[in-house]
Amino acid sequence: MGKLEQPELPVRYLPALAIVAGISWALVIGMVIGVDLARGPNLLSPLHLIFHGMALFTGIITFWPLERWLGLPGLTVEGGLGVWLLLATIAIVPAPTGTLLDPPDMPVYALILFAVFLCVAALVRPVIAVLSRRWLALKAWALDNRRVRREAYEVGLFAAATLALAALRILDPIKLIALVMILVLVEIIFLSFIGVESTG
């Protein structure tokens, strides 16, 4: 049977990497708030390139240690892309003024929804992995990276769908409950008919 692999990233490095990630987040959020990147004369100007580089670095330095420590392949790519896309959309793309179905605003909403999906899925994936390994008695499920990834995607889809309903001006508690029930039923079906994939 597969066993949980030892983390390749020494735990003693995690505090230092967390400090670097915190500083990077502070700097990039400061640029989003304090610099009017949307009105820049050139989207490829040095200031914009610095912002894009910092946003991408922030996502990578946030998720790479978690991917190495918990053995979650693809987390850095998804989290880094999601963070960069979300920050770039917020900082550079003009905010939509209409609903999701208004043609001029549809591309902006599409970018935001995709970025939210990636960011939320990347954020909850390590949480699901840790809780699974700590609380699930069935080791085959506890160490199943495929299940962890799928459930993280479902949470990301829920966040994006909630935002889409809000953009359509039709968000209400009944629709949220229905959406949760649909995702729970889908996950139960997956758990019933699809096998497990061990990390080892």
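This is a predicted model: local features need pLDDT of at least 70, side-chain atom pairs count only at pLDDT 80 or more; totals for chains, interfaces and linings use all residues.

Where is the place of P94?

Analyst: P94 sits in the loop between α3 and α4. P94 has a relative accessible area of 60%, and because anything over 50% counts as exposed, P94 falls in the exposed class. Along the sequence P94 is 55 residues away from R39, yet in space the two are 9.4 Å apart, C-alpha to C-alpha.

From that loop, let's step back to the whole chain. The protein chain has seven helices and zero strands, so its pattern along the sequence reads α-α-α-α-α-α-α. Of its 200 residues, 36% are buried. If you take the contacts with a separation of 6 or more, 70% of them come from residues 24 or more positions apart.

Now to one of the helices beside the loop. Helix α3 (residues 75-92) meets helix α1 (residues 14-34), and their axes come within 9 Å and cross at roughly 25°. That angle is under 35 degrees, which means α1 and α3 count as roughly parallel to each other. On the α1 side the contact is made by W25, V28 and V32, and on the α3 side by V83, L87, I90 and A91. Sorted by type, the residues of this contact are seven nonpolar, no polar and no charged.

Helix α4 (residues 106-135) holds F117, which is linked to Y153 in helix α6 (residues 145-167), 36 residues apart. The two rings form a tilted aromatic pair, 5.7 Å centre to centre with 40° between the planes. The count of aromatic pairs comes to one. Y153 has 27% relative accessibility, so this residue counts as partly exposed.

Finally, here is how the UniProt record compares with the model. The unreviewed entry lists residues 12-35, 47-66, 75-96, 108-131, 152-170 and 176-196 under "transmembrane region". In the model, residues 12-35 are 88% helix and 0% strand, with the end C-alpha atoms 36 Å apart. Residues 108-131 are 100% helix and 0% strand, and there the end C-alpha atoms lie 35 Å apart.

Key. Residues are numbered from 1 along each chain as its sequence is written. Side-chain values use heavy atoms; hydrogens and water are left out. Rings of Phe, Tyr and Trp (its six-membered ring) pair if their centres lie within 6.5 Å; planes under 30 degrees apart count as stacked, over 60 as edge-to-face and the rest as tilted. Helices (H or I, at least four residues) and strands (E, at least two) are DSSP runs, numbered from the N terminus. Buried means under 20% relative accessible area, exposed over 50%, partly exposed in between (1.4 Å probe, protein chains only). UniProt positions are given in the numbering used here, feature names are shortened, and annotations may be inferred rather than shown by experiment. Axes are lines fitted to C-alpha atoms, for helices over the stretch in contact, and angles run from 0 to 180 degrees between N-to-C directions. Angles under 35 degrees count as roughly parallel, over 145 as roughly antiparallel, 65 to 115 as roughly perpendicular and the rest as oblique. Contact means heavy atoms within 4.5 Å. Ala, Val, Leu, Ile, Met, Phe, Trp, Tyr, Cys and Pro count as nonpolar, Asp, Glu, Lys and Arg as charged, and the others, Gly among them, as polar.
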